[in-house]
Amino acid sequence: GGMGGVGGIPGGAKGTGANGKGAGYAPPESRTIQVDLRCTLEELYTGSCKKRKITRKLLNGNDEEQTLTIDVRPGWKAGTKITFEQHGNEVSPGVFQDICFVIVERPHSTFARDGSTLTMRHTVPLLKALTGFTLSIQTLDGRKVQVPVSGVTQPGSHRVVAGEGFPSSKTAGKGDLVITFEVRFPNSIDAETKRKLLELEGKL
């Protein structure tokens with residue numbers, strides 16, 4: 001997690017005068033401040049503790065710093081909201097805005113998430129696609145999972161690895177990992193390779 005600052009909180013209280021509400025009045029829609037809380041898939045998979053230092057404005061013109069701690073639970077989704085009541089700017093004497101952190105998932109280099117399902121794409125050289133191979137995958141919690149793939153792998157085919165998807169924040173267990181295979185064909189082949197392939201004609 002670590003410490004991340006969000007700086008001064010927007011939407012500070014302003015005196016209005018003409019609206020009859022008095023200095024420090026804030027309309028209901030400004031009573032909650034939303035702040036993005038960006039999390040990696042690893043953090044949302046295992047859970048993490050994130051700290052955010054904020055600075056809020058008081059009606060007397062002073063600023064007040066405070067540190068908020070968010071315990072990110074395994075399985076939380078993008079859009080999950082965590083609200084800290086009365087931790088924002090002062091909008092009237094003794095009344096403060098709420099701060100609402102909204103989970104935002106950072107893109108991952110290998111995996112994409114759809115609920116409790118993880119998906120990934122893997123490109124296979126033509127020879128391995130024809131003869132079989134074992135795919136080694138590093139999971140979001142640092143484990144190595146070996147996935148044996150036998151037979152012929154067709155372009156666009158899928159392999160489901162049960163229980164290697166995302167945990168659920170509401171139920172026990174995990175979803176599945178769905179692997180989509182692409183086949184990499186050579187750009188060219190030499191005459192000798194072509195001759196040997198032709199000898200196999202009728203067997204492939």
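Predicted model: local features only at pLDDT ≥ 70, side-chain atom pairs only at ≥ 80, totals over all residues.
Leucine 200 lies in the segment that follows helix α3, residues 191-199. Helices here are DSSP runs of H or I with at least four residues, strands are runs of E with at least two, and both are numbered from the N terminus. With a relative accessible area of 35%, leucine 200 is partly exposed; the term buried applies under 20%, exposed over 50%, and partly exposed in between, with a 1.4 Å probe and protein chains only.

Residues are numbered from 1 along each chain as its sequence is written, and side-chain values use heavy atoms, with hydrogens and water left out.

Areas come from the Shrake-Rupley method with a 1.4 Å probe, and for residues only the protein chains shown count as cover.

A salt bridge is a side-chain nitrogen of Lys or Arg within 4 Å of a carboxyl oxygen of Asp or Glu. Because they are three residues apart in the helix, glutamate 192 and arginine 195 are separated by about one helical turn. Glutamate 192 is partly exposed at 40%, and arginine 195 is partly exposed at 39%.

How many salt bridges does a search of the whole structure find? The search finds nine. In one of them, glutamate 164 meets arginine 143 at 2.9 Å, N to O. This pair links distant parts of the chain, 21 residues apart: glutamate 164 is in the loop between β13 and β14, and arginine 143 is in the loop between β11 and β12. Glutamate 164 counts as buried at 16%, whereas arginine 143 is partly exposed at 31%.

Let us turn to valine 183, in strand β14, residues 177-184. Is valine 183 buried or exposed? It is buried, with a relative accessible area of 15%. Beyond residues up to four places away in sequence, valine 183 touches Val124, Leu126, Ala129, Thr153, Gln154 and Pro155, where contact means heavy atoms within 4.5 Å. Threonine 153 is 30 residues from valine 183 in sequence, and their C-alpha atoms are 7.8 Å apart. Threonine 153 sits in the loop between β12 and β13 and is buried at 6%.

Next, the sheet. Three strands form an open sheet in the order β2-β8-β5, with mixed pairing. Strands pair if DSSP finds at least two bridges between them. Strands β2 and β8 pair in the parallel sense over eight bridges, and leucine 37 has isoleucine 103 in β8 as its bridge partner.

Finally, the protein as a whole. There are three helices and 14 strands. Of its 204 residues, 33% count as buried. The accessible surface comes to about 12200 Å², of which 51% belongs to carbon and sulfur atoms.
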